[in-house]
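The following exercises are intended for a reader who meets this structure for the first time. Each task is followed by a solution in steps.

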Amino acid sequence: MLTAPAPRDYSLTGPENQRAGARGLADAEWYTCMIPRSRLKELMQRRDGPAIRDTLLWFALLIITGTIGCLTWGTWWTILPFMAYGVLYGSCSDSRWHESLHRTAFKTVWMNDALYELASFMVLRESVPWRWSHTRHHTDTIIVGRDPEIAVPRPPDFLGLALSLFSLKSGPREFRRMALHVFGRLTPGEATYIPETERPKVYRNARIYLAIYLAVIATAVATRSFLPLMLVGFPSFYGAWLLLVFGLTQHAGLAEDVLDHRLNCRTVYMNPVLRYLYWEMNYHVEHHMFPLVPYHALGHLHQELKADMPVPYDGLWAAYREIIPTLLRQAKDPAYHVQRRLPASARALGSNPQPAT
Amino acid sequence: MADTWIDTVNAADIAREDVLRFDLGERTFALYRTTDDRYYATDGLCTHAKVHLAGGFVLDQVIECPKHNGRFNFTTGQAMGAPVCVNLKTYPTKVEAGRLWVNIAPAA
């Protein structure tokens, strides 16, 4: 009688961690497409202008929608501005968090760090643990037992995904971790990637986050209104749905345990509005392959690399036409995954040449 | 005492405000040229995840690792914050007859 294979252990402290190391998948060399060094250098150039413009516009939209939400509070009309405010707060903060984490959004370092701290709070990700988590994600992208940011382990947890539309899976987990950090402790997984020297910062920031949340709750109690929480705190939940819609396109349903970002990341074409909301993270293969390239240059990088890339997805719908059936099939067959078709120009892994000048 | 100055590359082969990889046996180095034609040398691998820094980005006196965006001041080797916590080793350099020489012995 055939029996279904046991689900893999996605924890960072289980047997898959050792297995990844033994298979040469940890801290490995990854495939990179050829691009002349001089062109890559042009694309890596940092600028303050685009991110200042885009961040000021983001703040303006938050202030406008939040103000209209406050003015219409107590009427049904308040739903519309708060829907917009929530997405700007709870979903757009994800891409701002991401780009400033890499310190590529701005040329000026403190601007990246300031935006990172703000966006971390808004997207409900503690800034220090998540910096290290994301560092590991880039080292070992979708390597089981190594990558702490695999969004859809197999078989997929559909209830969990549904809850994630409003951060009802990750949100409580983040608050549990925050509580642990407030008391000066880490989870066993976090202890594998957060250095000792960084841990005091984890505990300090968790206490700051807690103080802010307590202040907002106290304001809500004092004013006998949910309005303060609708502006700070709740949007990380009710506005998170677009984060999931965007985020699942990055890796869901693609290969695990491969050393080629073209096989485990998606590049999805999007219109200018969505690209603004997502800060060009739709060029996800390009971002993983060359994370020094700022968001505003990823479209140009895509043009340089696309001959050596799988065909991009022509929109969110095209991506989900692949993702949804794949996840449904993985519920019964966890080994199944999308196999991206590589162009004939692809070189063998481990044959990365020195880039031409 | 053995001569530890190593002839590496033509100084002009390194573009201004850029970095070049130089391998010597098992060792690997990163060679830098600033916008005002000063030359520096450090160990070639990032102290965080052993990635070749020569694929990274040079801005002023800072090299940014191509994998995780860790940043070092390549003139001093100083690690400039997470995710890099350990300084880079630096090596003295000199340019003679258009060649860049690196003293690989007294790593700082």
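Two strands are said to pair if DSSP finds at least two bridges between them. With that criterion, Val95(B) stands opposite Leu100(B) in E10(B). The model is a predicted one.

**Exercise 1. Describe the hairpin formed by E9(B) and E10(B), and the sheet that contains these strands.**

Step 1. Strand E9 (residues 93–96) and strand E10 (residues 99–103) of chain B are paired in the antiparallel sense, over four bridges. Besides the pair of Val95(B) and Leu100(B), Lys94(B) stands opposite Trp101(B).

Step 2. Two residues separate the strands of the hairpin, and Ala97(B) in the turn has a positive phi of about 50°.

Step 3. The open sheet has three strands in the order E1-E10-E9 (chain B), with antiparallel pairing. Strand E1 (5–10) and E9 of chain B are at the edges with a single partner strand each, so one side of each has no neighbour in the sheet. On average, neighbouring strands of this sheet are turned by 30° against each other, direction ignored.

**Exercise 2. Determine which strands stand at the edges of the open sheet of four strands in chain B.**

Step 1. The order of this sheet is E2-E3-E4-E8 (chain B), and the pairing is antiparallel.

Step 2. Strand E2 (18–24) and strand E8 (90–91) of chain B each have a single partner strand; therefore one side of each is left without a neighbour in the sheet.

Step 3. E2(B) pairs with strand E3 (residues 27–33) of chain B over seven bridges. Within this pairing, Phe29(B) in E3(B) is the bridge partner of Phe22(B).

**Exercise 3. Identify the residues that touch the most other members of the largest nonpolar core.**

Step 1. The core has 92 residues, and those with the most contacts to other members are Val19(B), Ala30(B), Leu31(B), Tyr32(B) and Ile63(B).

Step 2. Not counting residues up to four places away in sequence, Ile63(B) touches a set of residues including Val19(B), Leu53(B), Val58(B), Phe72(B) and Phe74(B).

**Exercise 4. State how H7(A) crosses H10(A), and what H7(A) gives to the side of chain A that touches chain B.**

Step 1. The axes of helix H7 (residues 127–139) and helix H10 (residues 199–223) of chain A come within 7 Å and cross at roughly 130°. H7(A) is therefore oblique to H10(A).

Step 2. Ser127(A), Val128(A) and Pro129(A) of H7(A) meet Lys201(A), Val202(A) and Asn205(A) of H10(A). By class, the residues of this contact are three nonpolar, two polar and one charged.

Step 3. The contact between the chains takes 18 residues from chain A and 15 residues from chain B. H7(A) gives the most to the side of chain A, with five residues. That side has five nonpolar, seven polar and six charged residues.

**Exercise 5. Is Leu124(A) buried or exposed, and is Lys50(B) buried or exposed?**

Step 1. A residue counts as buried if 20 or more other C-beta atoms lie within 10 Å of its own, and as exposed if 12 or fewer do.

Step 2. Leu124(A) has 24 other C-beta atoms within 10 Å and is therefore buried. Its place is the loop between helix H6 (109–122) and H7 of chain A, and its phi is near 65°.

Step 3. Lys50(B) has 11 other C-beta atoms within 10 Å, so Lys50(B) is exposed. Lys50(B) lies in the loop between strand E4 (39–43) and strand E5 (57–59) of chain B, with a positive phi of about 55°.

Notes
Residues numbered from 1 in each chain as written. Chains lettered and ligands numbered in written order. Predicted model: local features only at pLDDT ≥ 70, side-chain atom pairs only at ≥ 80, totals over all residues. Axes fitted to C-alpha atoms, helices over the stretch in contact; angles between N-to-C directions. Parallel < 35°, antiparallel > 145°, perpendicular 65-115°, else oblique. Contact = placed C-beta atoms within 7 Å. Nonpolar A, V, L, I, M, F, W, Y, C, P; charged D, E, K, R; others polar. Core = buried A, V, L, I, M, F, W, Y, C linked by C-beta atoms within 7 Å.
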